[in-house]
Amino acid sequence: MAGVAGTLGGALLTQRGAEKAKRRELEMAQTLQEARESRELRRSCYTELHRDARQFCTALSRHLYVMRDRTPGDEDVQALESAKDTYRDRWSEALMIAPDGVVAPAREVNGALNRVYGQVKRLEQGNPRSGETLRSAAEAQHGVWPLIADMREAMRRDLGVTEASAADHVAETPSHYGDSTAVLRDFEEPDRTP
């Protein structure tokens, strides 16, 4: 009787051990799948946030040039508002998905874009704050590009795409966004000396 009980008990222990191993294997597979899905969700969000931030920044630049050359029409205003709204929606999504290491530089971009947008709208409405000119708005808008690059690098690090050091990035940033003096020449104040 003891031999039969030992044989049955051994079989039962083996079966339970196999079930535990199978359960652990399924849990590990599920954890890996969830990590892949999370990474893919972040990658998609980051791609869209980066694109929409760039498009909003470009729309601000375009709007400044329109304001320099003429009074913006309804379609000009609508193009800027559409870029802003699209970016705002993407920013809201990123706040729910991105880790702190990405949210911090993205918050810098968000603040800078909103400050430039505020300047542009005040100038457009003829109600600028002290010191606000097309040139100061163009300077501020041009200063957003390096912030967008910083945000992009944080996103790439989070996704494991790059491990470049911050020093490498700082060294390359100016060449990506052109000569700021060229942009600023476009918005020079006219010489008012008699």
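This is a predicted model: local features need pLDDT of at least 70, side-chain atom pairs count only at pLDDT 80 or more; totals for chains, interfaces and linings use all residues.

Mentor: Residues are numbered from 1 along each chain as its sequence is written, and side-chain values use heavy atoms, with hydrogens and water left out.

Trainee: How many salt bridges are there?
Mentor: The count is 17, where a salt bridge means a side-chain nitrogen of Lys or Arg within 4 Å of a carboxyl oxygen of Asp or Glu.

Trainee: Which residue forms a salt bridge with Asp 158?
Mentor: Arg 42 does, with the closest N and O atoms 2.7 Å apart. Asp 158 belongs to helix 5 (residues 144–159) and Arg 42 to helix 1, so the pair ties together parts 116 residues apart in sequence. Helices here are DSSP runs (H or I, at least four residues), numbered from the N terminus.

Trainee: And is Arg 42 buried or exposed?
Mentor: Arg 42 counts as buried at 15% relative accessibility, whereas Asp 158 is partly exposed at 26%. Buried means under 20% relative accessible area, exposed over 50%, and partly exposed in between (1.4 Å probe, protein chains only).

Trainee: What does Lys 121 meet in a salt bridge?
Mentor: The partner is Glu 81, at 3.3 Å from N to O. Lys 121 lies in helix 3 (residues 100–124) and Glu 81 in helix 2 (residues 74–97), so this pair ties together parts 40 residues apart in sequence. Lys 121 and Glu 81 are both buried.

Trainee: Where is Glu 132?
Mentor: Glu 132 sits in the loop between helix 3 and helix 4 (134–142) and is buried, at 11% relative accessible area. A polar atom of the Glu 132 side chain lies 2.8 Å from the backbone nitrogen of Arg 129.

Trainee: Turning to the surface, which residues gather in a patch of positive charge?
Mentor: Arg 16, Lys 20, Arg 23 and Arg 24 do. Members of such a patch have over 30% relative accessible area and no salt bridge, and like charges are joined within 9 Å. Arg 16 is placed in helix 1 (residues 2–69).

Definitions and conventions. Patches are made of residues with over 30% relative accessible area and no salt bridge: like charges are joined within 9 Å, nonpolar side chains (Val, Leu, Ile, Met, Phe, Trp, Tyr) within 5 Å. Accessible areas come from the Shrake-Rupley method with a 1.4 Å probe; for residues, only the protein chains shown count as cover. Lys and Arg count as positive and Asp and Glu as negative; His and the chain ends are not counted. The place of a charge is taken as NZ of Lys, CZ of Arg, CG of Asp or CD of Glu. Helices (H or I, at least four residues) and strands (E, at least two) are DSSP runs, numbered from the N terminus. A polar contact is a pair of N or O atoms within 3.5 Å; within protein, one must be able to donate a hydrogen and the other to accept it, and residues adjacent in sequence count only if both atoms are side-chain atoms.
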